[in-house]
Amino acid sequence: MSRRRGKVERKTRETEIAVEVDLDGTGASSIDTPLPFLSHMIEQVARHGSLDLSVRARGDVAVDGHHTTEDLGLVLGSAVAQALGERKGIRRYGSATLPMDEALVTVALDLSGRSQLGWQVPLPKAKVGEWDVELAQVFFE
């Protein structure tokens with residue numbers, strides 16, 4: 001079986017993002033963004049998803065983290081879609097519930113290729129380091 005890999009780059013006036021993903025990886029990652037908490041969360045995607053992930057992101061974070069977060073979500077999603085190819089041999093649907101220290105997270109995914117996000121997450125207007133918490137929804141959109 002061939003490895004399912006994707007590589008996507010995006011350059012705009014505000015950002016420069018490069019992502020490589022190997023869906024058949026081991027959880028190895030090399031993540032470089034100007035937003036440490038965002039980097040940490042992307043590392044968790046690789047580790048807990050058992051996929052290899054390389055991310056290099058630059059952006060206008062002196063303004064705010066919105067463009068970098070949004071474009072990283074777009075590029076990562078595009079790289080995963082590229083790696084999935086025709087989506088043969090995968091299960092289209094999946095779900096998980098994850099109990100964490102101070103939260104319970106439930107996620108249902110449909111890898112059909114039709115984008116849709118249902119977001120029911122009451123988040124405070126706050127920062128984790130330099131990253132605005134409300135950007136989580138922007139990333140997943």
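Helix H1 has buried residues that are covered by, among others, strand E3 (29-32), E4, H2, E8 and H3. Helices (H or I, at least four residues) and strands (E, at least two) are DSSP runs, numbered from the N terminus. Buried means under 20% relative accessible area, exposed over 50%, and partly exposed in between (1.4 Å probe, protein chains only). This is a predicted model, where local features need pLDDT of at least 70 and side-chain atom pairs count only at pLDDT 80 or more, while totals for chains, interfaces and linings use all residues. Residues are numbered from 1 along each chain as its sequence is written, and side-chain values use heavy atoms, with hydrogens and water left out.

- The buried residues of H1 are Leu38, Ser39, Ile42, Gln44 and Ala46.
- H1 has 14 residues and reaches 20 Å from its first C-alpha to its last, close to the 20 Å expected at 1.5 Å a residue. The expected span of a helix is 1.5 Å times one less than its number of residues.
- Helix H2 (residues 66-84) has 19 residues and should span 27 Å at 1.5 Å a residue, which agrees with the 27 Å between its end C-alpha atoms.
- In H2, the buried residues include Thr68, Asp71, Leu72, Val75, Leu76 and Ala79.
- The cover over the buried residues of H2 includes strand E1 (5-11), strand E2 (15-22), helix H1 (36-49), strand E4 (52-59), strand E8 (131-132) and helix H3 (135-140).
- H2 is followed by Gly85, whose phi is also positive, near 55 degrees.

**The nonpolar core**

- A nonpolar core is a set of buried Ala, Val, Leu, Ile, Met, Phe, Trp, Tyr and Cys residues joined through side-chain atoms within 4.5 Å. In soluble globular proteins, nonpolar side chains tend to be buried together.
- The largest such core here has 25 residues, and those with the most contacts inside it are Val19, Val21, Ile42, Leu53, Val55 and Leu72.
- At least two residues of this core come from each of E2, H1, E4, H2 and H3, and H2 gives the largest share, 6 residues.
- Ile42 is in contact (heavy atoms within 4.5 Å) with Ile31, Leu53, Val55, Leu72, Leu76 and Phe139, leaving aside its neighbours within four places in sequence.

**Around Thr33**

- Thr33 sits in the loop between E3 and H1, and its relative accessible area of 10% makes it buried.
- The side chains of Thr33 and Ser39 are joined by a polar contact of 2.6 Å. A polar contact is a pair of N or O atoms within 3.5 Å; within protein, one must be able to donate a hydrogen and the other to accept it, and residues adjacent in sequence count only if both atoms are side-chain atoms.
- A polar atom of the Thr33 side chain also lies 3.0 Å from the backbone oxygen of Leu35.
- Not counting residues up to four places away in sequence, Thr33 touches Leu38, Ser39, Val55, Ala57 and Leu72.

**Aromatic rings**

- The whole structure holds 3 aromatic pairs. Rings of Phe, Tyr and Trp (its six-membered ring) pair if their centres lie within 6.5 Å; planes under 30 degrees apart count as stacked, over 60 as edge-to-face and the rest as tilted.
- Phe37 and Trp131 form a tilted pair, because their ring centres are 5.4 Å apart and their planes are at 40 degrees.
- This pair links distant parts of the chain, with Phe37 in helix H1 and Trp131 in strand E8, 94 residues apart.
- Phe37 is partly exposed at 25% relative accessibility, whereas Trp131 is buried at 8%.
- The rings of Phe139 and Phe140 have centres 5.1 Å apart and planes at 85 degrees, so they are edge-to-face.
- Phe139 is buried at 13% relative accessibility, while Phe140 is exposed at 54%.
- Trp119, Phe139 and Phe140 make up one aromatic cluster.

**Salt bridges**

- There are 12 salt bridges in the structure, each a side-chain nitrogen of Lys or Arg within 4 Å of a carboxyl oxygen of Asp or Glu.
- Glu86 and Lys88 meet in one of 3.1 Å, N to O, and both residues are exposed.
- Arg92 pairs with Asp110 in a salt bridge whose closest N and O atoms are 2.8 Å apart.
- Lys127 and Asp132 form a salt bridge of 2.9 Å, N to O, and Asp132 is buried, with a relative accessible area of 17%.
- Salt bridges with shared partners join Arg3, Arg5 and Asp22 into one network.
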